[in-house]
Amino acid sequence: MEIKIKKVVGVDEKEVLDRRHNLWLGISLDNKWFDKNNISRLIDFGLKNTKETLLLLVPGRMQATNFMYFNKMRRARALKKAFTEEAKKLEEINEITDRLDNNQRSKIIVADYDDICSANHIKQREVLFREFAEQGLFYKKVMSIAKKALINRGRTVTVDRTEGVALYILQELPMFIDGVKSLDFKEIHTVILYPGLSEMNDLILSIKKDEDFSVLRQKLDIKNRTGFVDIEYSPSRQVPR
């Protein structure tokens, strides 16, 4: 099945097809869409359309936050499960990349959350945590996204649980706002390929453009234009984010 671009947000579709951005994939550990076949096709598409390199981000320990608050796991158990699932996914990715030629493999960067925690990412993450702590408009928008994630998974919604899920959102927001970079490489990856748009995309655009977030935007000191490519296969097989 051929990958198709359904919609592009944040940048122009022509920029993506003209290979003006380094692309990245956020490999979900709990979204069944990301099976071996779909990841393989997505890598093929990414390699054809990326500027220099293609980054594959496996969340690693960050996924423990979701296991804790979606599945009510204790922290140690959640971390162990996150590392176990990460290892399985990395094995799948290795099997996929082994079939590629040397030139293609040289363009692929595989990273986990700790691999992309640059000084800029950490600084922006702190800014977002502080803004969330003020419990203003930003807090309300992040909590709305977290609440819908709990409802979509059939989980009981409480303030504590919703704030817990919000931690995952706060950790990943800098990647969407200003791009993602592996500590071991120079390229900044600014456009993500992912099946499906969500309220998260609205929040990212609001942070970048709305007057309500002008002060937050200044604190974040955003340097890069970033985008989101909503992709699908034909026939479409969409799984909510």
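The model contains an open sheet of six strands in the order β1-β6-β5-β2-β3-β4, with mixed pairing. Strands β1 (3–9) and β4 (108–112) are at its edges with a single partner strand each, so one side of each has no neighbour in the sheet. The structure also holds 13 salt bridges. This is a predicted model, in which local features need pLDDT of at least 70 and side-chain atom pairs count only at pLDDT 80 or more, while totals for chains, interfaces and linings use all residues. Residues are numbered from 1 along each chain as its sequence is written, and side-chain values use heavy atoms, with hydrogens and water left out.

**Sheet**

- Strands (E, at least two residues) and helices (H or I, at least four) are DSSP runs numbered from the N terminus, and two strands pair if DSSP finds at least two bridges between them.
- Strands β2 (residues 23–26) and β3 (residues 54–58) run parallel and are joined by four bridges.
- Leu-25 stands opposite Leu-56 in β3.

- A salt bridge (a side-chain nitrogen of Lys or Arg within 4 Å of a carboxyl oxygen of Asp or Glu) is formed by Arg-225 with Glu-15, with the closest N and O atoms 2.9 Å apart.
- Arg-225 lies in the loop between α10 (214–220) and β6 (227–233), and Glu-15 in helix α1 (residues 13–17), 210 residues apart.
- Arg-225 is partly exposed at a relative accessible area of 47%, whereas Glu-15 counts as buried at 5%; buried means under 20%, exposed over 50%, and partly exposed in between (1.4 Å probe, protein chains only).

**Salt bridges within helices**

- In helix α4 (residues 75–97), Lys-88 and Glu-85 are three residues apart, about one turn of the helix.
- Their side chains meet in a salt bridge at 3.7 Å, N to O, and Lys-88 is partly exposed, with a relative accessible area of 46%.
- Helix α6 (residues 119–133) holds both Arg-130 and Glu-126, four residues apart, about one turn of the helix.
- The salt bridge between Arg-130 and Glu-126 has an N to O distance of 3.0 Å.
- Arg-130 is exposed at a relative accessible area of 55%, and Glu-126 is partly exposed at 42%.
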